Amino acid sequence: MASQKAVAVQKRGGRKKMGMKVKENLYQAALWFILILVALTMILPFLYVVILSFTDATAYEAGKLILWPKKWSTEAYELILSGSGFLNALKSTLIVTFIGTPLSVIVCSGLAYMLSKPIPGKSFINKYVMFTMLFSAGMVPNFINMKQLHLLDSYWALILPGLCGAWTIMVMRSFFQSLPLELEEAAKIDGCGPLKIFSKIVIPLSKPMLATMTLFSFVGYWNTYFNSVMYITSTAKQTLQVYVQKIVLSSTVADVVDLSTELATIVPQEVMRMAAVVVVIIPILIIYPFLQKYFQTGMMVGAVKG
């Protein structure tokens with residue numbers, strides 16, 4: 001009798017486990033279905049922009065485009081890349097990005113490392129940094145400040161305002177505080193000074209966090225728009241985002257593209273707009289895969305250790 005009861009209990013336990021497994025599988029399937037739908041709502045608009053930018057003018061005007069064009073064309077890209085307006089905007093954006101990004105990471109990491117140590121006035125500096133995160137001077141005072149510093153219509157007017165961010169400093173400081181103190185103490189015993197400890201020990205251990213902040217800084221400088229509108233007066237120094245904004249808001253291609261070629265009258269305005277958007281986001285799409293593993297690690301460390 002005891003053996004029969006044991007067998008019955010095992011059967012009921014097996015059925016219960018199978019039922020729980022079926023419910024779990026159904027839950028996972030429903031969850032994946034919802035996530036795929038959410039992903040499609042983000043991917044499809046982007047694919048539409050890319051496909052429309054490669055659509056031939058005749059196919060676009062005939063309405064032969066749903067999610068795949070009847071005829072492909074690169075005329076919009078040829079028109080954008082051959083204009084001096086795009087080249088000037090690209091040059092300005094490259095200068096601002098490739099000067100501002102390393103400077104921003106160096107300044108922020110240095111200040112954050114300093115705030116992670118017991119220094120005189122640390123409490124006041126931390127509060128000052130936090131204050132700048134919550135409050136800002138405003139648009140008019142910032143403009144007057146740039147004017148008084150004689151930085152209007154200068155690339156430094158686009159670089160300096162975003163050089164040191166309070167949020168970036170706070171994340172970096174939390175990461176530096178999570179590093180083992182024993183490593184620095186051992187380096188001090190070996191005769192290393194603060195700068196050597198920072199460059200030879202702290203920086204190599206901080207690659208995931210630094211790569212993450214480099215990506216954030218790169219994207220921020222690459223997408224510079226408002227500061228360019230506020231502080232840049234010459235057309236030759238305006239950034240790519242301002243150039244794209246002009247294309248998106250212009251009524252005709254000729255208003256933006258300084259070309260008298262046949263393409264300027266052939267390419268539809270909507271196709272031109274989509275091509276301009278694709279050209280601007282391509283560098284971010286190229287850089288992100290190389291920094292993705294560092295990006296994930298850096299964000300996890302900042303979230304858990306902070």
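Reader: How far apart do the end C-alpha atoms of residues 156-176 lie, and how much of the span is helix?

Author: The model is predicted: local features need pLDDT of at least 70, side-chain atom pairs count only at pLDDT 80 or more, and totals for chains, interfaces and linings use all residues. Residues are numbered from 1 along each chain as its sequence is written, and side-chain values use heavy atoms, with hydrogens and water left out. Helices (H or I, at least four residues) and strands (E, at least two) are DSSP runs, numbered from the N terminus. For residues 156-176, the end C-alpha atoms lie 29 Å apart, with 71% helix and 0% strand.

Reader: How is the exposure of Glu 270 to be read?

Author: Buried means under 20% relative accessible area, exposed over 50%, and partly exposed in between (1.4 Å probe, protein chains only). Glu 270 is partly exposed because its relative accessible area is 25%. Glu 270 belongs to helix α15, residues 269-305.

Reader: With which residues is Glu 270 in contact, leaving aside its neighbours within four places in sequence?

Author: Contact means heavy atoms within 4.5 Å. On that basis, Glu 270 touches Leu 52 and Tyr 60. The C-alpha atoms of Glu 270 and Ile 247, 23 residues apart along the chain, are 9.4 Å from each other.

Reader: How does the lining of the largest cavity divide?

Author: Ala, Val, Leu, Ile, Met, Phe, Trp, Tyr, Cys and Pro count as nonpolar, Asp, Glu, Lys and Arg as charged, and the others, Gly among them, as polar. Here the lining has five nonpolar, two polar and two charged residues.
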